[in-house]
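I opened the model and kept short notes as I went.

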Amino acid sequence: MKRVLSIVLQFLLYLVVFFVGSLLPAFNVMPQLSFSIGAGRVFVYDGVLLMLALYVLLLLIATARKRIHPAWLNSTVALMLAFILGLAMKFGFKSI
């Protein structure tokens with residue numbers, strides 16, 4: 001039960017970070033990192049980079065607490081689910 005709750009909470013955290021990171025270039029908070037995916041479309045990958053930074057931070061915290069063995073699987077599953085759902089919800093895609 002604790003493992004499922006951990007995955008769900010991390011999944012929601014990663015999804016929120018992906019969403020917020022995808023919106024930051026619209027407010028000129030940080031420079032926009034993007035690449036073209038077609039005529040008039042770009043993918044802003046700031047949210048993905050922030051999500052990966054959070055993933056590394058959570059794994060470093062788990063390593064410091066000497067609980068890396070159960071934590072890496074939970075974090076990886078939550079990260080992959082959030083990434084897939086975020087792309088399905090078109091976070092980071094922008095028309096120019």
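The notes below go from the overall fold to single residues.

**Ground rules.** I am working on a predicted model, in which local features need pLDDT of at least 70 and side-chain atom pairs count only at pLDDT 80 or more, while totals for chains, interfaces and linings use all residues. Residues are numbered from 1 along each chain as its sequence is written, and side-chain values use heavy atoms, with hydrogens and water left out.

**Fold.** I looked up the secondary structure and found three helices and three strands. Helices (H or I, at least four residues) and strands (E, at least two) are DSSP runs, numbered from the N terminus. Along the sequence I read the pattern α-β-β-α-α-β.

The accessible surface comes to about 6,300 Å². Carbon and sulfur atoms hold 75% of that surface. I note the method: Shrake-Rupley with a 1.4 Å probe, where for residues only the protein chains shown count as cover. Of the 96 residues, 32% are buried. Here buried means under 20% relative accessible area, exposed over 50%, and partly exposed in between (1.4 Å probe, protein chains only).

**Contacts.** I took contact as heavy atoms within 4.5 Å. Among contacts between residues at least 6 apart in sequence, 69% join residues at least 24 apart.

**Core.** Which residues touch the most other members of the largest nonpolar core? I found Tyr 14, Phe 18, Met 51 and Ala 82, in a core of 16 residues. Helix 1, helix 2 (46-64) and helix 3 (68-88) each supply at least two residues of this core. Helix 1 gives the most, with six. A nonpolar core is a set of buried Ala, Val, Leu, Ile, Met, Phe, Trp, Tyr and Cys residues joined through side-chain atoms within 4.5 Å. I then listed the partners of Tyr 14, not counting residues up to four places away in sequence. Among them are Met 51, Leu 54, Tyr 55, Leu 79 and Ala 82.

**Helix 2.** This helix has 19 residues and reaches 27 Å from its first C-alpha to its last. That is close to the 27 Å expected at 1.5 Å a residue; the expected span is 1.5 Å times one less than the number of residues. Its buried residues include Val 48, Met 51, Leu 54, Tyr 55, Leu 59 and Ala 62. They pack against helix 1, strand 2 (41-44) and helix 3.

**Nonpolar patch.** Val 4, Leu 5, Val 8, Leu 9 and Leu 12 form a nonpolar patch on the surface, with about 450 Å² of accessible area together. Patches are made of residues with over 30% relative accessible area and no salt bridge: like charges are joined within 9 Å, nonpolar side chains (Val, Leu, Ile, Met, Phe, Trp, Tyr) within 5 Å. A salt bridge is a side-chain nitrogen of Lys or Arg within 4 Å of a carboxyl oxygen of Asp or Glu. I checked Val 8, which is in helix 1 (residues 2-23). Val 8 counts as partly exposed because its relative accessibility is 39%.

**Positive phi.** Lys 66 has a phi of about 60 degrees although it is not a glycine. I placed Lys 66 in the loop between helix 2 and helix 3. Lys 66 is exposed, at 75%. Lys 90 is also not a glycine, and its phi is about 65 degrees. I found Lys 90 in the loop between helix 3 and strand 3.

**Ser 95.** Where is Ser 95 found? It is in strand 3 (residues 93-95). Ser 95 is in contact with Gly 40 and Arg 41, leaving aside neighbours within four places in sequence. The C-alpha atoms of Ser 95 and Gly 40 are separated by 5.6 Å, although the residues are 55 apart along the chain.
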